[in-house]
Every structure is written in C-alpha cells, then in structure tokens.
Amino acid sequence: MQAPELTIVLPAFNESKNIEPLVGKIADAMGKIAHEVIVVDDNSPDDTAGVTRRLAAKHPHVRCIRRVGRRGLSGACIEGMMAANAPIVVIMDADMQHDETRLPTMLDEIKNGADLVIGSRYVDGGDHKAGFNQKTRAKGSEIATTMANYITGHYTSDPMSGFFMLTRQTADKAAETVSKDGFKILFDIVSRYGDTLKIKEVPFQFRERVEGESKLGFLVTIQFLGLLVSRFTGGLIPMRFMLYGLVGFTGLFVHMATLFALHYGANVDFAAAQFAGAFAAMTSNFILNNSVTYAHRKLKGNRFWIGLLTFYAVCSVGALANVSIAQSLFELNQSTLFAGFAGALMNAVFNYAVTKLVTWRDT
C-alpha cells in the first residue's frame, strides 16, 4: 500500500447495505490516487461494523472505528478525522447521497491552497432537492440553510452541507473546539473559523438515498436549533445547556398543568398539588433528557428504571425546596401562577445539575 493522500471518513449508523458499494464507487472515482476509508460506526444494530471489518479483510485501505456508548454525527466525524493517516481528510455520508466523483476536484482545490473545500448544493451546477423524497424536507433544508447563513455570513452558500474536505491542520483545530454533539459539524467549523480559512466550493448534486432510512428527525432538529443558538451567542451558551433549557421549559408546562388540574379541577390542597406537579415534571424531564439531551448515552432496559429512581431520589431534594418556596409565597397571598412558577424554576435549576452529574454521569 502507498501512504494515503486522502482519508475519507464515513460516519455511519445502520448503513450495512451501503458500505461495500460506496467503497467501490469511491475507488472508481479516486483512480490511482492513494486513499483510505474510515467507517465510524455508532454501534449499529444492523452489523455495519461487521460488514466493514469483513470488507477490510479484503481491502486493507478500509478501516472501522466502532463507537460504543457514544452517539452523534459531529463526534463521529471528529474521531474519524483524528484517526486519519492522510494529510487531507474528507467527510461524506455513508448513505451514497454525496457524489464521490467530486472528490478529485475537491482534492485539487486543497492542493491549490484551500484550507476547506465544501461540496455545495446551492452554487451553479449543484442541486439540493433531488435527494429529498418529500417537498417539505427540501423546504426545511432551505430554511435551515438560511438560518445558518445569518450566523456564518458569506463564507459559504451551504453551511449545512455534510460533504466537505479539509487539511490536517484545519481538522486538528476544529477537533479541539467544535461541539461533539449535534448533526452539522461544518456549520460549527465555519461559524468559528470562517474568517481565518481559505474556503472554496465545489458544486454537487444531492442524490436520493437507495438503502436505509434518513437520520433527519426530531432529535436532529432540536440539536441543530441548540447549536444555532450556541453559535449565535458566540459559544457563551453551550448546546447541551440549550437542550437542558428546552427540556426544562416543557417541564414547567407539565408542572403548571398538573398543579392547576389538581388544585382547581380536583380541589386538591395546594401543597399536595404542587408536589404532584413537581413529580410529573421530574418524570417528563427524565424521559425527555434521556431521549434528547443524553441521546448519546441513553439509558435502556433496567438502567432506565434505575436511572429514573436515582433521578427521583436526588431531585426530591429540589422538589422539597420547590414546595417550600411555593407554599411560602402562596401563604403570602401571592398568585397561584407566581408561587407555582417560582417553585418550579427552583426545581428546574436543581435538575440541571442532577442530570449532568448524577443520573447519566456525563463529564
């Protein structure tokens, strides 16, 4: 084997049917250009890692990184970039929606002095609609790109692209600072370093997925909104904190709805209704945090129930403070809304610390 000139990183989850044909297409596109392919698999249940390893037994330029207990596209991209042996790295999807025939052209731009080359769907010759099987998803992509452009400015026409190539120096810089959570790592890179990088764009046509299912869903949308706010504030508000905030905000609604339903609807004593509201909010906060905030270490099976019990146990301290504060304000003739909200806010702040340090033990 020659030393690779380019490393192709393919972050993957449930892409077992796409890996082998994509590796073949990349080889055809690269011709005599020495390259390696790193599949970063997030412990896919469809045996993506096994497929990749069997392929690597025949083709030594293919490698697999299997991540256990870690999830998320940005984190997978970073791990793949850091494992690359080549001086130039490209990120592309494993679902064959990105056009591998554009790789040599992108590589030429890097050789001509670019730090970052973006496969753009929005420049002349590009197409962003063909790969979406629904008009609403294509429109959603356009809206997300417009929102991202407010932050990244004029550095690229497609800050939401998942198809880009960068030098080793740029990759190392990005790995130290960009969020490990989230779905759109290019947006994070450009919003941080766009003014210091020489950026070029290469048009490509976004293709329709043949095998597997799209990963674009509710969780990805929420993560993107969190990242958008984080970058809008210059990183002052971390994306994880934004997810906590969104979960806590829904918990306030659950809490207040329970309080009013019991106190006014069922004539339950205020203190008891307030405690029930706190309990309901804790339950909803745990479920949402487990699915959204801590999707990368989601508790399942027995660990889910153990996690829920520990969450209840530690948050009960916050709940007691919640009830105490709310009851005191209520007895001072404050409105039910104000008293309930003050107590719930106290509980939400406490839950933030508990979620990070105890229940999921995220460091």
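Tutor: Let's start with Glu5, which is partly exposed at 26% relative accessibility (buried is under 20% relative accessible area, exposed is over 50%, and partly exposed is in between, with a 1.4 Å probe and protein chains only). Its side chain meets that of Lys111 in a salt bridge, 2.5 Å from N to O. By salt bridge I mean a side-chain nitrogen of Lys or Arg within 4 Å of a carboxyl oxygen of Asp or Glu. This pair links distant parts of the chain: Glu5 is in the segment before β1 (6-12), while Lys111 belongs to helix α4 (residues 103-111), 106 residues apart. Helices (H or I, at least four residues) and strands (E, at least two) are DSSP runs, numbered from the N terminus.

A quick word on the ground rules. This is a predicted model, where local features need pLDDT of at least 70 and side-chain atom pairs count only at pLDDT 80 or more, while totals for chains, interfaces and linings use all residues. Residues are numbered from 1 along each chain as its sequence is written, and side-chain values use heavy atoms, with hydrogens and water left out.

Now for Glu36 and Arg63, whose side chains form a salt bridge at 3.1 Å, N to O. As for cover, Glu36 is buried, with a relative accessible area of 5%, whereas Arg63 is partly exposed at 28%.

Next, have a look at helix α7 (residues 185-193), which holds both Arg192 and Asp188, 4 residues apart, or about one turn of the helix. These two form a salt bridge, with the closest N and O atoms 2.8 Å apart. Arg192 is partly exposed at 27% relative accessibility, but Asp188 is buried at 2%.

There's also a three-residue case: Asp42, Arg67 and Glu79 are linked in a network of salt bridges. Searching the whole structure turns up 10 salt bridges.
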